[in-house]
Amino acid sequence: MDGRRGGWVVFGCFLTLTCTAGVTLFVLPVLLDSIIAETQWSLTQVSSAVTVFGLSAAVVSPLIGFLIDRFGARNIMVFGVVTGAAATFLLGRVTELWHLHVAMLIASIGSISSTYIPIPALIAR
């Protein structure tokens, strides 16, 4: 990879990481007060969604690594971005606590598929 193309790859990865991780990891704290006020759930209940996010990301990470080896980092990143967008859409439609947990599970799959695992693999190639 020449230096000019490599710079664009790094820039594209930067934008993907900023948008994807920014939405999936940092949206819940911003919306926390609104979610609690609207749903009457406790802080503990809403915060449990972060636990679901973290645990599911840890469980799915080895699978994502395998899929990157099999299908390539770019294809997995596209899957992750689409999955993250779907999770963001679902977060706006949450009416039950389990909906929030499912949306955060999907968000973790999207986030891990488009950020911390495939980006280093893509830049290294």
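A polar contact is a pair of N or O atoms within 3.5 Å; within protein, one atom must be able to donate a hydrogen and the other to accept it, and residues adjacent in sequence count only if both atoms are side-chain atoms. The structure is a predicted model, in which local features need pLDDT of at least 70 and side-chain atom pairs count only at pLDDT 80 or more, while totals for chains, interfaces and linings use all residues. Residues are numbered from 1 along each chain as its sequence is written, and side-chain values use heavy atoms, with hydrogens and water left out.

**Overall architecture**

- The chain holds 5 helices and 0 strands, where helices (H or I, at least four residues) and strands (E, at least two) are DSSP runs numbered from the N terminus.
- Read from the N terminus, the order of elements is α-α-α-α-α.
- Along the principal axes, the C-alpha atoms fill a box of roughly 55 × 25 × 20 Å.
- Of the 125 residues, 35% count as buried; buried means under 20% relative accessible area, exposed over 50%, and partly exposed in between, with a 1.4 Å probe and protein chains only.
- Among contacts (heavy atoms within 4.5 Å) with a separation of 6 or more, 76% come from residues 24 or more positions apart.

**The crossing of α2 and α4**

- The axes of helix α2 (residues 43–71) and helix α4 (residues 97–114) come within 8 Å and cross at roughly 35°; axes are lines fitted to C-alpha atoms, for helices over the stretch in contact, and angles run from 0 to 180 degrees between N-to-C directions.

**Nonpolar cores**

- The largest nonpolar core has 13 residues, and those with the most contacts inside it are Cys-13, Ile-64, Ile-68, Ala-73, Ile-112 and Leu-122; such a core is a set of buried Ala, Val, Leu, Ile, Met, Phe, Trp, Tyr and Cys residues joined through side-chain atoms within 4.5 Å.
- At least two residues of this core come from each of α1 (3–39), α2, α3 (73–91) and α5 (118–124), and α2 gives the most, with 4 residues.
- Another core, of 12 residues, lies apart from that one and has Leu-28, Ile-35, Trp-41 and Ala-49 among its members.
- In soluble globular proteins, nonpolar side chains tend to be buried together.
- Leaving aside neighbours within four places in sequence, Ile-112 is in contact with Ala-57, Val-60, Ser-61, Ile-64, Ile-117 and Pro-118.

**Residues within the helices**

- Ser-108 lies in helix α4 and is buried, with a relative accessible area of 0%.
- Not counting residues up to four places away in sequence, Ser-108 touches Phe-53, Ser-56 and Ala-57.
- Thr-16, in helix α1, reaches the backbone oxygen of Gly-12 with its side chain at 2.9 Å.
- Beyond its neighbours within four places in sequence, Thr-16 is in contact with Ala-21, Met-77, Val-81 and Ser-114.
- Gly-84 of helix α3 counts as buried at 7% relative accessibility.
- Ala-107 of helix α4 is buried as well, with a relative accessible area of 2%.
- The C-alpha atoms of Gly-84 and Ala-107 are separated by 5.2 Å, although these residues are 23 apart along the chain.

**Residues in the loops**

- Gln-40 lies in the loop between α1 and α2 and counts as exposed at 66% relative accessibility.
- Gln-40 has a positive phi of about 65° although it is not a glycine.
- Most residues other than glycine have a negative phi.
- Tyr-116 is placed in the loop between α4 and α5 and counts as partly exposed at 48% relative accessibility.
- Leaving aside neighbours within four places in sequence, Tyr-116 is in contact with Leu-17, Ala-21, Leu-25 and Ser-111.
- Tyr-116 and Leu-100 are 16 residues apart in sequence and, C-alpha to C-alpha, 23 Å apart in space.
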